[in-house]
Amino acid sequence: MSEAAFLLSTTVNGEPVTVAAPHHWTLLEVLRYKLDLIGSKQGCDKGDCGACTVQLDGEPVLACLTLAAHAQGREVTTVEGLGHCHGGCHPLQDAFDRWTAAQCGFCTPGILMSAEALIRKRGRAVEHTEVAEALAGNLCRCTGYTKILDAVVDASQQMHPAPGKE
Amino acid sequence: MATDANNPSPEDAPSHDPWQLGQSHRKVDAMERMRGITRYTDDLKLPGMLHAKILRSPHAHARIKSIDTSKALALEGVFAIVTGQDFKIPYGIIPWTPDENALAVDKVLHVGDGVAAVAARDEDTAIAAMRLIEVEYEVLKAFFDPEESLANTDRSLSINPYGRKGNLSKRVLLEFGEVEQKISGADLVVEGDYFFEGTTHGAIEPHCALAHVEGDMSKSGILTVWSATQVSHYLHRELSKVLEIPAHRIRVIQPPLGGAFGGKSEPFDLEFCAAKLAMLTGRPVKLLYTREEVFYSHRGRHPMKMHYRTGFTREGKITGVDARTILDGGAYSSFGLVTTYYSGQLLCAPYEFASYRFESLRAYTNKPACGPKRGHGSVQPRFAMEIQLDKAAVALGIDPIELRRRNNLGSESTTVNKFRVGSNGFSECLDKVEAASGWRERKPKLPYGRGLGVAGSTYISGTNYPIYPNEMPQAAVQICLDRSGRARVFSGANDIGQGSNTMLAVIVSEELGLPLEDIRVLSADTDLCPVDLGAYSSRITLMVGNACMQAAQKLRRKVCAAVAKRWEIPRRRVALIARKALDLENPDRSVPLREAFCWAEADNGLLGEVGSYNTPKDRHGDYRGGTIGASPAYSFTAHLAEVEVDPETGIVDVKTIWVAHDCGKALSKRIVEGQIEGSTYMGFGEALMEQHVVDPQHNGVHASPSFLDYRMPTFLDTPKLEAMIVEAPDANGPYGAKEAGEGPLHSSIPAIANAIYDAVGVRIDTLPFSPAKVLAAIDARREQEAAGLVPEHKSGQTHGRRSA
Ligand code: FES
Ligand code: FES
């Protein structure tokens, strides 16, 4: 690499990471090319599709529009980090699996990261309309969205059972 | 050719109720995708890998006078550069029309045509090198309008150098019955002009290829190409042809795919370039399209200009259809020969026509080439046809659903163009959408601005004849069982996200009693798997499913025989269910399948079987072109849309689309629903917002080569989709199954158009239904109403009507 590089120190999926990267690289490039975290997808590299969505300090961001330097000293969570605290499979992943909400699955990592942030911030079961709003920046070309909406709502209910139902 | 799948023996019939078919399943490969573990093509990385980029033409039509690559080659980090001179052999997905080169040889035919490819140590270096390549062009007059292109008589301006008839790419004229007489003698003739705008696939994964050479390619070396393709077999053939390497020394692997929809169903420049650059450098070479390049590679839906005349009796029966269509093909043939036939041939169901004539002309233009997009060639004529029917229903005072019922072709029938149709669940599809939407009670009462519209359609489950003529099976599957108690299924079929790997696992599961997680489906690797023709024309469930069922049944017989022998009971008493072999008459007696497999292996040797499928050859007409569009089985669909049209702005808000689809038999329920929903969604996007166009004012550059500017429906745009499955089992389908992946797109578009008419009384006969267009039509109608030329639309229901 001919361009000057800088040292990026960040936390990725709970692990401290220090890596040299060119100044102009995006977070998506560092994740995919330096750290081999290929779960975050590049659908457009322009901020239009949401396939690259990861979380920065818990907030969903488009990794293709986020300079790697922006992650300095912060916490990055990718889809690879989603299942860790849930015995390898997050309730969202389980619900997506049951609902067949992933067809080609290329949009799915980004959608999972957006959906996880929504449910965490609401702290309760969510409804179809608010899911659609939260996921409006994530394109899916396969599903027509129907089963994704059902799966997110279902997962949120699993995570936050209605009182008296447990 | 008779195969076991076509003529199942009574012994093959299961001796118990299905335990897997029709259930909802977890897909065999979804969890890895959702956890970010699955490696799609761009996720692959090899030691020493180079990155390649393609330099593309800024001109829509130009002669290449010279290319100087010396400065680029001198740049540090550049390993090799290829141009059209390295790829002199033309190719094309249809063997009769090889009219493209991997890179432009003497001429560029559209903005974005590939001119040279660079391999460098990284993408940035490759991009810098591209800028140093000097190309001298002589710019030629470009044609952006198909009719202007067809009218051109100056041979020096013919677009495609391989074209044999100037700018005419293909013409088809077919006539069945006395059309003129039947139409002119009809009680009602509906005549209309329609325009279907071009649209593109928009798969979220961009095209990508990785090539790697082992050994000396001039002797016995092996070239491996990983590609995000949906047709590995055809790619394999064309690589062999263009690179002049025998096919047995090329291996094509399709890694898991991020959507395709027809957009990855032929070879592209990137596969040839990556392969050639890998051969020249001896290093692995990866080439990933930018999103902009995906838009320029296109091969999407052809824009079609259609003129339709349809005759009806007073009772609403169709007496004749006369269709004239101009297809805007773009710079290359792609699948265009087939598209031109399909634009007429696939219209002849679900309705019975007494007579039919179509003439379709495909023009070359200086635009990205069009090809197959979900519902190849038949979505456009369906749009025209279903609006024609709606106009007739209004003119005749017949309920639009009733009009369609009266023309229903029915099952075990023959279309006017001589295709044999087997099962047909169309009337049940109509019943379902009618009931679910509350059509009968609600339609008469909906206020001005609100409307319901219906449309119907049909689609093929694969084509009876392969793309290149041969008599070998169209699908083959190999299955091995082993002593660990699992099955490995080898299939050349491309799982493009539609779930075909899961479909095969469900069939193996049903036959062999293994749960899905004990079945490994290994697909789309030309070294490991039998040849399969790929994921197009909705062929996989029917064809590959039949082949898979045949192989699995052979194995079931062996396993059941081995168990029966040890239990000393007849073979038919043994059932394989839920990881067990059991005695149907004594359910307490069972043995784990793993052990049953060991018994069978002890009796027979290694447990492997193959199955193959070939299509029936007696289901088409005996005329030139009569095989094109003939299928073993046809699916049927009805859509019913509810819209709200804002008369102040012309904005169409689609509230709900009910869709009922006859897939013969849903092997896996939620996957089929997902196909129906995804198709309907895609049609909705084409109806309301999508436009794949170039800008003639700016030399033919793409007007919207990004997901921001090419608008596809988001979560917020998409209406409520209510998918309903109808099952009219077909004798030619595995367990009766037919296609579900493309049919349910077609009629969603005209259903919306017809709902707009119901809402505000205007016909929108051109796509997309943009607010400006709808508003202009509403204003024009209001002027006519004011002048007393037409009655006030929904005059009794003024609620919602805009004040003058
Ligand atoms: S890749 Fe980042 S938004 Fe598309
Ligand atoms: S599942 Fe394919 S893009 Fe969403």
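Reader: Where does A:Glu116 fall, buried or exposed?
Author: Its relative accessible area is 14%. The cut-offs are under 20% for buried and over 50% for exposed, with partly exposed in between (1.4 Å probe, protein chains only). At 14%, A:Glu116 therefore counts as buried.

Reader: Thanks! What kind of model is this?
Author: Residues are numbered from 1 along each chain as its sequence is written, chains are lettered from A and ligands numbered from 1 in the order in which they are written, and side-chain values use heavy atoms, with hydrogens and water left out. Local features need pLDDT of at least 70, side-chain atom pairs count only at pLDDT 80 or more, and totals for chains, interfaces and linings use all residues, the model being predicted.

Reader: Which residue forms a salt bridge with A:Glu116?
Author: A salt bridge here is a side-chain nitrogen of Lys or Arg within 4 Å of a carboxyl oxygen of Asp or Glu. Helices (H or I, at least four residues) and strands (E, at least two) are DSSP runs numbered from the N terminus. The two partners are four residues apart in helix H3 (residues 108-122) of chain A, and so are separated by about one helical turn. The closest N and O atoms are 3.0 Å apart, and the partner of A:Glu116 is A:Arg120.

Reader: How many residues apart in sequence are B:Asp662 and B:Lys738?
Author: These two form a salt bridge with their closest N and O atoms 2.7 Å apart. B:Asp662 is buried at 0% relative accessibility, and B:Lys738 is buried at 3%. B:Asp662 lies in strand E27 and B:Lys738 in the loop between strand E30 and helix H18 of chain B, so the pair ties together parts whose separation is 76 residues.

Reader: How much area do chains A and B bury between them?
Author: Buried area is the accessible area (1.4 Å probe) that two parts lose on being put together, summed over both. The contact, meaning heavy atoms within 4.5 Å, takes 56 residues from chain B and 53 residues from chain A. Carbon and sulfur atoms carry 56% of a buried area of about 4,500 Å².

Reader: How many salt bridges are there between chain B and chain A?
Author: One salt bridge joins the side chains of B:Glu673 and A:Lys147 (2.8 Å, N to O). A network of salt bridges links A:Arg32, A:Lys41, B:Asp42, B:Asp43 and B:Lys286. Over all chains the count is 78 salt bridges, while between chain B and chain A the count is nine.
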